[in-house]
Amino acid sequence: MITAENLTKVYGKRTALDHVSFEVPEGEIFGFVGPNGAGKTTTLRILAGLLDPTSGRASIDGADVEKQPQQVHGRIGYMPDFFGVYDQLTVTEYLDFYAACYRQPKQRRTKIIDELLDLMGLSERRDQLVDTLSRGLKQRLCLARALVHDPVVLLLDEPASGLDPRARVEMREILKELRGMGKTIIISSHILPELTELCTMIGIIDHGRMRATGPVHEVIRQLTADRRLRITVVGDKEPALAILEPLPAVRHVEITNGAIEATYEGDDSTAADILQALTAGGIKVSAFSQVEGGLEEAFMRATSEEVG
Amino acid sequence: MSRVVAAFWNPIVAKEYRSRMRTWRSPLAMMIYILLIAGLGFAIFSSINTFGGQPANYGQTLFMILVIFQMILLTFITPALTAGAISGERERQTIDLLFVTRIPPFSILWGKLLASMSFVVLLLLLSVPIFSLVFLFGGIELDQVLYAFLVTIVAALTLGVIGITFSTWLRRSLAATVAAYVGAFVLLFGTLGYGLISPTTIDPKATKAAAPPAITYLSPIIPLLWIADGGQSLQSYGIRYPNNYQNGGQYCGPSAGGGTFCTSTSSGVLTATGGYAPFQSQAPTGTAIPSGLFEGWQPWQATIVMQLGICLIALLASAFLLPPVRRVPWRRRRAVETTA
């Protein structure tokens, strides 16, 4: 349903997206997670036809986002991370305006708006001016706006950002309902647990690169499969890094809080081999321990800056 | 047909009408506009009674002052209506929501322009009863009023399109508004000033009367004055005599009566060359532009054609600048590395 192939976006010298690829089949909820500035919004804006990729291509329901923007716009409902509303318009007029912009016939609009207001719990606010709504209600109204033309795909950029806990729960319930309606949805967020409950698929992006993508359980397994060692050495750490980095089992080495943290693939025996390699190399190891990591920590690791 | 209707009458027009007329600003603007024009009309009316003069000129003077004043008022109002049209949507963060709908970018521009220009037309209609006062005095025909309103509305449209273009080009409404006002004043007074700074020098050998530089007709002030008094007030605008020149052993210079007089450098006897040749300062009033690019045209025709040309160019520029993704035929995407 949604395909991104090697999406790259370069702004001057800065690469915002670096060969990002993923695929979201029909009916799936794809959680797009990464820290602020990782490239989530850029990706969603490319998918919405609001930005051209420097290279790569993307399509939605078979329509190329660059070549067929009109078809894409008819198939997507897009909710940006920051948006404004018009003043001097009531909730109903606001939705009617966008329904008209999506070329919905006049006679159908009243029914569509009634249904959406009901779905979003905004029926009682129908005659209220939109700029007087609270942020939570504006978010719901914006989601309703994205649905006025009954799109097959929803691109939601941080739909729960800036909401109080109650509004977040309400938003999550609405998204669950949309999932039940069979929509294919991409939701971006910088908070992983917020998505794992709701999503069927996940993609982790950091510094413009896709670190992991696939079904939620697979990505979690992938992220937590690596084991981590915390090593404290006496004296300079550079010789220790020089020994650790070439080791085939060691995937990643970094210095965190004054200690060396090494991610490796293998079991306890592999850890023993790593310790042996260090001591054989003349490194004075003062502490050597396994680090237990949860999902959150695994995500943090996946999205942290690489050493070297 | 429905596509054409959808392109020209789109939801943006209806939304703009609705939100514009719900604020107190619109009725206030209308009230101030009418009060200013009516106040000026009344002041002229009173002073004419005081000073006396030819009754046939009362209506003409009243009409001329009112029509120029109305144009100047619209020069202040129109950029304010359009300069925030697109940049305001950007600042409010609503433009992306429009771009992802099925409304093409040109319809967004058109909708904004139509809504703003409708308000200008409303202001013009409100001023009609005040303009009808000139008929009490006579001296002005209905077609003169219609031509003047046509010039005014085309000039307002041009100012509106200039405002929209700056609004599309510049990201901030403040910058767009300042630029739109600069553009408006260049159009109105800059082109008029050009005729004073760089007038057409009369060619002594020309067989036609000289006309101001073609660019001066961009200013709606010229056709408005021309419509009101048949060009009397523009008699010597935009043209100048050559300092002095030699003409077959004679020394020539301009005459007070609009022709030229030459004198033999040896005898010092004045000789009138007479007739139209070698030159005359200006064609007889009330006729077409005597020479230049718009030879044979009425000034209002030249103004309207040039301004509509500017509108077209500015609208095309806006239509190019507005879309979030500009697709031009000569742009080629870089080669894409594909993975299996």
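**Packing of α4(A).** I looked up what the buried residues of α4(A) pack against, and found α3 (91-101), α5 (135-146) and α6 (165-180) of chain A. I note that the model is predicted.

**Buried side.** I then listed the buried positions of this helix: A:I112, A:I113, A:L116, A:L117 and A:M120. They cover an arc of only 130 degrees around the axis, which puts them on the same side of α4(A). I recalled that an α-helix has 3.6 residues a turn, so residues three or four places apart point the same way.

**Opposite face.** I checked the face of α4(A) turned away from the buried side and recorded the exposed residues A:Q107, A:R108, A:T110, A:K111 and A:D118 there.

**Length and end.** I compared the span of α4(A), residues 106-120, with expectation: at 1.5 Å a residue its 15 residues should span 21 Å, and the end C-alpha atoms are 21 Å apart, so the two agree. After the helix I found A:G121, with a positive phi near 70 degrees.

**Strands β1(A) and β2(A).** I turned to β1 (residues 2-11) and β2 (residues 14-24) of chain A, which run antiparallel and are joined by seven bridges. For A:Y11 I found the bridge partner A:R14 in β2(A). The two strands form a hairpin with two residues between them. In that turn I noted A:G12, whose phi is positive at about 60 degrees.

**Domains.** Last, I consulted the domain assignment of chain A, which gives domain 1 as 2-222 and domain 2 as 226-302. I recorded 40 Å between the C-alpha centres of domain 1 and domain 2 of chain A.

Methods
Residues are numbered from 1 along each chain as its sequence is written. Chains are lettered from A and ligands numbered from 1 in the order in which they are written. This is a predicted model: local features need pLDDT of at least 70, side-chain atom pairs count only at pLDDT 80 or more; totals for chains, interfaces and linings use all residues. Helices (H or I, at least four residues) and strands (E, at least two) are DSSP runs, numbered from the N terminus. The expected span of a helix is 1.5 Å times one less than its number of residues. A residue is buried if 20 or more other C-beta atoms lie within 10 Å of its own, exposed if 12 or fewer, and partly exposed in between; C-beta atoms are placed from the backbone. The arc is that of the directions from the helix axis to the C-beta atoms. Two residues are in contact if their C-beta atoms, placed from the backbone, lie within 7 Å. Domain bounds come from an automatic or database domain assignment. Two strands pair if DSSP finds at least two bridges between them.
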